[in-house]
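Please keep the sequence and the model in view while reading.

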There are 4 protein chains.
Amino acid sequence: MRTIRVTIWNEFLHERSYPEVAQVYPAGIHGALADALAKHPGLEIRTATLGEPDHGLDRVTLANTDVLLWWGHAAHDEVADEVVERVHQRVLEGMGIVVLHSAHFSKIFRRLMGTSCALRWRSDPGGEREVIWTVNPAHPIAAGLPQPIVVTHDEMYGEFFDIPTPDELVFISSFEGGEVFRSGCCYYRGAGRVAYFSPGDQEYPVYHQPEIQRAIANCVAWCGGAAASNDAPERRSGNAPRDWFIEPGSPARTR
Amino acid sequence: MRTIRVTIWNEFLHERSYPEVAQVYPAGIHGALADALAKHPGLEIRTATLGEPDHGLDRVTLANTDVLLWWGHAAHDEVADEVVERVHQRVLEGMGIVVLHSAHFSKIFRRLMGTSCALRWRSDPGGEREVIWTVNPAHPIAAGLPQPIVVTHDEMYGEFFDIPTPDELVFISSFEGGEVFRSGCCYYRGAGRVAYFSPGDQEYPVYHQPEIQRAIANCVAWCGGAAASNDAPERRSGNAPRDWFIEPGSPARTR
Amino acid sequence: MRTIRVTIWNEFLHERSYPEVAQVYPAGIHGALADALAKHPGLEIRTATLGEPDHGLDRVTLANTDVLLWWGHAAHDEVADEVVERVHQRVLEGMGIVVLHSAHFSKIFRRLMGTSCALRWRSDPGGEREVIWTVNPAHPIAAGLPQPIVVTHDEMYGEFFDIPTPDELVFISSFEGGEVFRSGCCYYRGAGRVAYFSPGDQEYPVYHQPEIQRAIANCVAWCGGAAASNDAPERRSGNAPRDWFIEPGSPARTR
Amino acid sequence: MRTIRVTIWNEFLHERSYPEVAQVYPAGIHGALADALAKHPGLEIRTATLGEPDHGLDRVTLANTDVLLWWGHAAHDEVADEVVERVHQRVLEGMGIVVLHSAHFSKIFRRLMGTSCALRWRSDPGGEREVIWTVNPAHPIAAGLPQPIVVTHDEMYGEFFDIPTPDELVFISSFEGGEVFRSGCCYYRGAGRVAYFSPGDQEYPVYHQPEIQRAIANCVAWCGGAAASNDAPERRSGNAPRDWFIEPGSPARTR
């Protein structure tokens, strides 16, 4: 089985500014995710953060990344347009990207979606119960997960969530206020794949919950499948001579 | 604007057996739906019930129906296979069908879906609150509806709902127990259209609620759009001579 | 029936630079499209071109447009980013947009899609036969069209076409070289709708062909349906108090 | 990596009745497919044919099958309804099924689709050129395949193909007459997956062509992914007590 090369990108601001966040994620959210994914064989994991040169996403790193995880919240605007362009290009070339929670408003996700990616939300102190339902049990991202997954404290994200209709909808969540949310969404873009997974927040230990870790690992595996062996779109397009694909001597040609 | 010819089919058993149901729907569920749709111009409405010959769905009636509404619950098995076959054929030819609530288990819906159409459910005395969220505000079935629609008492229907992924998903509901449900689902089948709309029950006055009536009228309008002018699939298929569609004298022919 | 207010946007460069194009489209492509749509009742039609102030797409014009048609080819880069942003915002608010042929590479289409929108193409002198097949006869855009539509001379556009999977795929074309192309594609974006229709070119009289005119009129009607009565996404989202939608006295509230 | 247990089902009539078919597929089409799949590690392969008791598809065999391939043409009606019912149930429980070429008209495929599955076709002596285009390069079924795949002699299958809109469309083919066909289609049904792959015919050596063999192996791998670890739909549904999933002591419960 081919190794999937994973880069976990984290804004990494909350954990350094708020002691209560640092307490939940002492190694950063990227650290928690790295620990969680490390339990799965076949993954080669590195991390990158906003503060690094090129935000840690230089050309070489991206070229050697099969799946990128993206967590951002407070500083979407500080991500350089040039890096967004570079990541976008890599997705279309075949890289997978797993977009987490508040990264629904990241530049890269809005660019890939073509919509505002706005949503309904609520930040009650203490959070509220999120119940995550699988609506496509045959999808690889649902593999091995209980029905439903209960997260006892999370931030409410609700509809209308301004995204394109998912190519594959895997999870729908409910919240205590009666809201619903498409919380596990899959997209194909160019030769790459995009998974959006909303459960998780900097204030609650959601990323320490085993079922959530398994769901994210499933997202990584699904997104990583695209990078295997496909050509980038541009190698499949361009100006074409008529009958260019008919080999000499082919009986069809003589028709 | 073309008139849409609507036939409302109702099993019509509960209303005659249970006084509490008759009190909510004194004219039958089909009567309540007919009254609701009568407010909309451009509809020509008739009803049909299980007890009539051919269940009221003889060949002539179906041939003159653009959209069929289907309500059944207790007697799905009593619907003759021959009638199911006839309705199925008419849908593929271009008729629309709006499948309501417990008709998820009707023979015709299961046949159109190809799955078990099983779901999670709960019948607490008094029902519970259903909150209906629009997840595709650009869809015609969402036109003119508030976000969300609140039904104070309804029966819980929850995921996993064993249906094919909807071609267009319009509504998702939540229930007090934390369940979610894809409550407004659209499908194309052959030259016809299928809308499944779950809110509604024989015990609660859901079909008397104006927003629900509007949603069902929207379903009828959407389903009725298919019947306009399209060929049935079989008239578009069959054994084809090579280049049959190239008219004499066409420059392409001389290639 | 509500009037649909249509604005036909054309780059309008080829027709003024090349006599052979002017011969095919003496009133400009926008003029030809306006004439074609004028045959359909219920449309209020105006045109706009690149050379006008604001490219003819100022705020007031867009606010009074239900469906925008877009034709561009040689000067995509000359369209101001500010106008693209404005059009994008209006689509998410509920305006429809019909994107024609070479506008696959327009800024607005690429922005709405989130992909490169690259494709395979070929420009043989004289063009070649395009055969357009309906693959969803139940779709409103297919209404009243023959199966197939034959365009005797058109430019080849082929797969892979780097777009998101269409929410609804209506047409697939073939070309003489053996290529195929998803030539009629529908998308929901926010509260608006997008239709991409590829047949048509500045060099061939495709937009004078009645079936093509009917297909484009169908695209306009479908795209115009979204603007009817829906809220813009942002009016459906934002920070929400828990149980904000539960009216006082509702039994659900006392739970 | 988990082994995928594959059962290749073949009607196995043509090969025994027509010397020219036997010459192309001396070991039967099932034999040719078994040889092709045997090149791929991780597959455990057996075959079954119409003439065996229970058509070789008894309960034990199906319970031990992760992916079933289905080839039929002349004797769809001879397949016992009881066996169709059994296979259908197994798909909903999580088995994958790869439906090949003329099996578009098999009972099991029509049952899973809910439509007529009719198509346009042509059987010219000698067949004609089929060109297979990938329209979703990010899909696992497209992995490792050239763009396009050219089959020099095949039977024409054309649109309209009366199937539900595929959940994932991977391939579109063109034919010499100018027809197009959705030739690689994926569906989720219950906890199982369905892939339809049309290239291939009893008269031409299509199943001996390496790219076709790779495409079919990809279909098997994709379909086999569903069987991993998911619950059948019925184990996810049924009558549910309110708040059944809230564990004692959960903070959410005390709300």
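**Backbone geometry and the interface of chains A and B**

Pro148(D) is found in the loop between β6 (128–134) and β7 (149–154) of chain D, where helices (H or I, at least four residues) and strands (E, at least two) are DSSP runs numbered from the N terminus. The peptide bond that leads from Gln147(D) to Pro148(D) is cis, with omega near -10°. This is a predicted model, in which local features need pLDDT of at least 70 and side-chain atom pairs count only at pLDDT 80 or more, while totals for chains, interfaces and linings use all residues. Residues are numbered from 1 along each chain as its sequence is written, chains are lettered from A and ligands numbered from 1 in the order in which they are written, and side-chain values use heavy atoms, with hydrogens and water left out.

In chain A, a cis peptide bond joins Gln147(A) and Pro148(A), with omega about -5°. Pro148(A) lies in the loop between β6 (128–134) and β7 (149–154) of chain A. Most residues other than glycine have a negative phi, and most peptide bonds are trans.

Phi of Phe12(B) is near 60°, and Phe12(B) sits in the loop between β1 (4–10) and α1 (14–17). Cys117(B) has a positive phi of about 60° and belongs to the loop between α6 (107–113) and β5 (120–122). Phe12(B) is partly exposed, at a relative accessible area of 21%, whereas Cys117(B) is buried, at 0%; buried means under 20%, exposed over 50%, and partly exposed in between (1.4 Å probe, protein chains only).

The interface of chain B and chain A comes next. Here 24 residues of chain B are in contact (heavy atoms within 4.5 Å) with 24 residues of chain A. The two chains bury about 1800 Å² between them, 62% of it on carbon and sulfur atoms; buried area is the accessible area (1.4 Å probe) that two parts lose on being put together, summed over both. In chain B, Trp133(B), Phe160(B) and Val180(B) lose the most area to chain A, together 27% of what that side buries. β6 (128–134), β9 (168–175) and β10 (180–189) of chain B each supply at least two residues of the side that touches chain A.

A rotation of 180° with 0.0 Å of shift along its axis superposes chain B on chain A, with an RMSD of 0.0 Å (least squares on the C-alpha atoms of residues with pLDDT of at least 70 in both). That is the relation of a two-fold axis. Of the interface residues of chain B, 100% are also interface residues in chain A, so the copies meet through the same surface.
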